[in-house]
Amino acid sequence: MAQNLYSPRVRIGNWNEDIYLEEERLKDFIRKRDEGELLIQRSRRLKKTLLRPMQLSVSEDGYVHYSDKVMLVNPDYPEKEADVFLAGDLALSMTPDEIHAHLRDELQVPCGLSAAQTRVPVSRNTFTILSMDGNNTRRVLRYGQDFCLGITAGSENKMLYLSSDHRTFLKSAQRSWLQEVYLTDEVSYRSCWQAALPDPQLRLESEGCPVPANARVIITHSHTNRRLAAHRHLFLRTYFGKEAEVAAHTHLDPHRVEKPRNHWMLVTGNPRGDSPTMLDLHRPLAGDTRAVEPCTSLNTQ
């Protein structure tokens with residue numbers, strides 16, 4: 001196969017066309033650079049937006065409230081069902097598609113999710129607790145109440161909501177093929193969640209009690225009755241590196257109790273200021289029942 005081994009300066013063949021072609025390429029490059037459309041510029045903007053530091057809400061009474069900015073963290077535990085897994089605390093994080101993120105500045109909807117090894121609140125892992133009726137005053141969130149989890153991801157004029165729906169042949173989680181969890185810009189029954197106590201023996205009597213901050217809870221999708229789960233042994237190659245898959249599925253042990261895959265913490269900010277979150281402080285035990293208090297003695301505002 002013939003190959004051109006000469007530069008356009010050597011005037012043989014279509015040398016004039018080659019010169020014009022190089023000039024057009026240079027003009028196109030300069031135009032894209034000035035307008036910020038180069039791939040490296042889009043990549044830097046995306047990372048700057050999604051990795052922007054955020055400030056979590058500080059809980060003064062020890063409970064979670066509507067309008068609070070929190071991190072959803074799957075606490076560290078020894079995974080015994082897999083040899084290779086992601087260790088440490090995993091935070092629920094937004095994971096945009098890399099190809100679509102380079103083609104346009106706006107995030108594609110629906111947007112994916114993953115569990116990342118991070119303890120720092122940034123735009124991609126900071127969620128806002130919202131009420132389903134639109135009344136987002138600082139009321140206490142209670143067990144059994146419906147709520148939404150919204151995320152702006154650096155764009156204050158657009159809110160995306162944590163959602164899920166029944167599994168189909170065309171729509172499921174990437175690795176486990178279980179029920180998919182995603183972000184969408186529409187508030188509906190698909191974006192409705194509830195919090196429950198991890199101990200099933202105390203779950204019924206805890207209905208209506210306030211949800212404590214920085215304690216283990218079970219987050220259930222109201223429409224499908226599936227628990228939010230982090231699969232540490234199923235890896236995803238994301239725009240930010242290797243992360244774990246997130247799905248909606250209830251993992252039960254032989255005693256019909258949710259496994260640590262379904263355990264989450266609504267992490268708030270640290271009032272001391274020496275760390276951005278409360279993860280570095282002492283954590284309550286998984287079986288601690290001090291979070292269940294008489295509901296009649298609490299403020300019902």
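The model is predicted: local features need pLDDT of at least 70, side-chain atom pairs count only at pLDDT 80 or more, and totals for chains, interfaces and linings use all residues. Residues are numbered from 1 along each chain as its sequence is written, and side-chain values use heavy atoms, with hydrogens and water left out.

**Overall make-up**

The protein chain contains four helices and twelve strands; these are DSSP runs numbered from the N terminus, with helices (H or I) of at least four residues and strands (E) of at least two. Of its 301 residues, 45% count as buried. Buried means under 20% relative accessible area, exposed over 50%, and partly exposed in between (1.4 Å probe, protein chains only).

**Helix H2**

Helix H2 covers residues 39-50 and spans 16 Å from its first C-alpha to its last, close to the expected 16 Å. The expected span is 1.5 Å times one less than the number of residues. Arg42, Ser43, Leu46 and Leu50 are its buried residues. Seen down the axis of H2, the buried residues fall within an arc of 100°, so they line one face of the helix; the arc is that of the directions from the helix axis to the C-beta atoms. The face turned away from this buried side carries the exposed residues Arg44 and Lys48.

**Cysteines**

The structure holds zero disulfides, a disulfide being a pair of cysteine sulfur atoms within 2.5 Å. The sulfur of Cys148 lies 6.4 Å from the closest cysteine sulfur, in Cys192, which is too far for a bond. Cys148 is buried at 3% relative accessibility, and Cys111 is buried with a relative accessible area of 3%.

**Salt bridges**

Eleven salt bridges are found in the whole structure, each a side-chain nitrogen of Lys or Arg within 4 Å of a carboxyl oxygen of Asp or Glu. The table gives examples.

| Pair | N to O distance |
|---|---|
| Asp68 and Arg138 | 2.4 Å |
| Lys259 and Glu81 | 2.5 Å |
| Asp89 and Arg119 | 2.5 Å |

Asp68 and Arg138 link parts of the chain 70 residues apart. In this pair, Asp68 is buried at 0% relative accessibility, whereas Arg138 is partly exposed at 44%. Lys259 lies in the loop between strands E11 and E12 and Glu81 in the loop between E1 and E2, so the pair ties together parts 178 residues apart in sequence. Salt bridges that share partners join Glu79, Glu81, Lys259 and Arg261 into one network.
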